[in-house]
Amino acid sequence: MLSAMAATGLALSLLVAPEAPGTADVVPPGKITVDVVTVNGSGCPAGTAAVAVSDDNTAFTVTYSDYTAQAGAGSTPTQFRKNCQLNLRVHYPQGFTFGIAKADYRGFAHLPRGARGMQRASYYFSGQSSTTTSTHNIPGPKSDNWQFTDQTDVAEIVFAPCGMVRHLNVNTEVRAFSNPTNQASFVSMDSTDGSVNTRYQFAWKRC
């Protein structure tokens, strides 16, 4: 089901969602394809991220296996922040455009008392200044899974410009901050089985 992402590009078939928030009456016909143009960042080294179509064909899912920020004992100063940037080209019929309506993020955090973590994501189309950004704080003490959902109101969704080819950029990052006693702390967009899914749902509208 999963296909390894490569910087040179990877085409995946994505069937049109039968429903998206507030846009169920404007879903385009036919098949949508997603090309992963590039994948870069300290949180997604080559061979550690993959993308797949969801079972219900309403979204695409990114899976990470080496996306962990750490701080405190045993870590280096640069390890407190990890990030990943996806550059995607979405192919769809003329007369329609799309935006990201919803995103779900999951991971694991080990944060002693006084430590903290953070997860951040942003989405924008190449050549546009409009950016949708979300930030979630993870306070310690915590040694458990975490999950955040970003839901965008239809009126606030940033859509690709009509009639133009613009790549969708999805940027994510996690950060870990130790406590005053420098205890080991980490935040992963990851899980004990070696992967965790980040799911993105499309919203469509007519041009």
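Colleague: Before we dig in, what are the ground rules on numbering and confidence?
Modeller: Residues count from 1 along each chain as its sequence is written, and side-chain values use heavy atoms, with hydrogens and water left out. The model is predicted, so local features need pLDDT of at least 70, side-chain atom pairs count only at pLDDT 80 or more, and totals for chains, interfaces and linings use all residues.

Colleague: How many salt bridges does a search of the whole structure find?
Modeller: A salt bridge here is a side-chain nitrogen of Lys or Arg within 4 Å of a carboxyl oxygen of Asp or Glu. With that cut-off, the search of the whole structure comes back with three.

Colleague: Which residues do the salt bridges join into one network?
Modeller: Glu-173 meets Arg-81 at 3.2 Å, N to O. Glu-173 also bridges to Arg-120, where the closest N and O atoms are 3.9 Å apart, and to Arg-175 at 2.6 Å. Through shared partners, the network takes in Arg-81, Arg-120, Glu-173 and Arg-175.

Colleague: Is Glu-173 buried or exposed?
Modeller: Buried means under 20% relative accessible area, exposed means over 50%, and partly exposed is in between (1.4 Å probe, protein chains only). Glu-173 has a relative accessible area of 9%, while Arg-81 and Arg-120 are partly exposed at 30% and Arg-175 is partly exposed at 22%. That puts Glu-173 down as buried.

Colleague: What is the relative accessible area of Ser-122, and where does Ser-122 lie?
Modeller: Ser-122 lies in strand β9. Leaving aside neighbours within four places in sequence, Ser-122 is in contact (heavy atoms within 4.5 Å) with residues including Thr-132 and Asn-169. Ser-122 is buried, and the value is 13%.

Colleague: Which residue in β13 is the bridge partner of His-110?
Modeller: Strands pair if DSSP finds at least two bridges between them, and β8 runs antiparallel to β13 with three bridges. Strand β6 (residues 68-71) also pairs with β13 (residues 185-188) in the antiparallel sense, over four bridges, and Gln-70 has Phe-186 as its partner there. For His-110, the partner in β13 is Phe-186.

Colleague: Which strand gives the largest share of the lining of the largest cavity?
Modeller: On a 1 Å grid over the protein atoms alone, a cavity is a set of points where a 1.4 Å probe fits but cannot get out, and lining residues have an atom within 4 Å of a point. The count comes to three cavities of 30 Å³ or more, and the largest holds about 70 Å³ of space. Among its lining residues are Ile-100, Tyr-123 and Leu-168. The largest share, three residues, comes from β9.

Notes
Helices (H or I, at least four residues) and strands (E, at least two) are DSSP runs, numbered from the N terminus. On a 1 Å grid over the protein atoms alone, a cavity is a set of points where a 1.4 Å probe fits but cannot get out, and a pocket is an open set with protein on both sides within 12 Å along at least five of seven lines; lining residues have an atom within 4 Å of a point. Grid points are joined across faces, edges and corners, and a volume is the space filled by probe spheres set on the points.
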